[in-house]
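Please look over the sequence and the structure before reading on.

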Amino acid sequence: MSLNLQQLRAFTTIVATGSLGRAATELHLTQPALSRTIKRLETDLGAPLFERHSKGMELTAVGHALLPHAMLLAREAELAREEIDALRGLSKGTIKVGAVGAIASHVLPLAIDRVLTRWPNLRVEIIEGVWDRLAQGLMRHEIDLALSTVAPDTEDIVAISDCHWQDDSFVVAGCDHPLRQKKRIALADTLGERWAIPPRGTAPYAHMQGVFEAHGLGLPNIVVETRSVPVLKSMVARCGFLTWMPEPMYDVEAKARVMDTLPIPTVRATRTLTAFRRRQGILPSPAVKLLDELRRLTASA
């Protein structure tokens with residue numbers, strides 16, 4: 001049995017859109033034509049892929065089994081077409097990358113600038129988020145590289161061992177925060193202040209929790225949890241909250257005297273960051289170019 005790429009694209013589009021009508025619109029087909037395409041694929045496989053009901057279409061067990069393979073084949077075909085067209089000068093390649101906030105604020109822009117200087121025909125798509133969002137992006141083929149804190153390899157995602165670097169995280173406060181009036185600030189002084197940080201289960205939360213535990217302290221007064229970096233920064237700069245952030249994430253605000261490290265002599269926590277990719281499949285050449293620049297940057301750092 002051979003799988004037809006057109007049929008696979010029809011299949012994955014229905015899954016992504018949730019209905020035959022929306023998929024037909026996206027694919028510029030009539031619904032009967034799209035229905036015939038899926039029917040041929042189901043005939044080739046010898047089993048139905050969808051259960052049709054009034055609320056839409058749901059995958060069968062066979063459909064669930066086919067989906068990851070269909071997504072991989074469709075993405076690899078797209079990459080092959082993109083690379084060949086780029087070699088012929090007919091189109092631009094695309095770097096699809098995701099990063100946690102600190103990397104998206106500092107290292108990633110520097111690497112992208114270097115890549116685009118050398119390869120001006122490339123374009124870049126970026127998503128920002130904590131690790132669970134980036135892992136999801138890798139598995140859905142939304143991105144080809146994820147830049148985040150070190151995490152164990154899985155069956156599907158692996159770290160790129162020769163691309164890693166470190167940064168330091170601190171307690172961060174507005175430059176006019178009342179705690180700055182104290183001659184000497186201890187970590188315990190922050191316990192009663194209002195805190196805004198990424199939610200429980202994220203790497204920044206665990207990092208911060210480990211620092212407080214190392215000082216024999218419980219968690220501070222966390223009243224806002226959000227994955228949004230702009231919201232965190234606004235809560236600190238405008239509302240007097242404290243947060244926990246890696247230094248590269250707020251260096252621009254520090255230079256502008258908006259927010260900065262709270263001077264607690266005993267608090268300085270280092271973390272290691274690295275690049276990740278899918279275990280299966282070929283890393284697209286645009287992503288390889290970005291990875292090479294990241295290696296150069298991190299080696300010099």
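Are Arg271 and Asp167 buried or exposed? Arg271 is buried, and Asp167 is buried too; buried means under 20% relative accessible area, exposed over 50%, and partly exposed in between (1.4 Å probe, protein chains only).

## Basis

The model is predicted: local features need pLDDT of at least 70, side-chain atom pairs count only at pLDDT 80 or more, and totals for chains, interfaces and linings use all residues. Residues are numbered from 1 along each chain as its sequence is written, and side-chain values use heavy atoms, with hydrogens and water left out.

## Domains

An automatic or database domain assignment gives domain 1 (5–88), domain 2 (93–165 + 272–299) and domain 3 (168–267). Contact (heavy atoms within 4.5 Å) between domain 2 and domain 3 takes 8 residues from each.

## Salt bridges

The whole structure holds 12 salt bridges, each a side-chain nitrogen of Lys or Arg within 4 Å of a carboxyl oxygen of Asp or Glu. Between domain 2 and domain 3 the count is 1. Asp132 pairs with Arg227, with the closest N and O atoms 3.1 Å apart.

Arg271 and Asp167 form a salt bridge, with the closest N and O atoms 2.9 Å apart. Arg271 lies in strand β11 and Asp167 in strand β6, 104 residues apart; strands (E, at least two residues) are DSSP runs, as are helices (H or I, at least four), numbered from the N terminus. Asp144 and Arg278 meet at 2.7 Å, N to O, and both are buried. A network of salt bridges links Arg118, Glu293 and Arg296.
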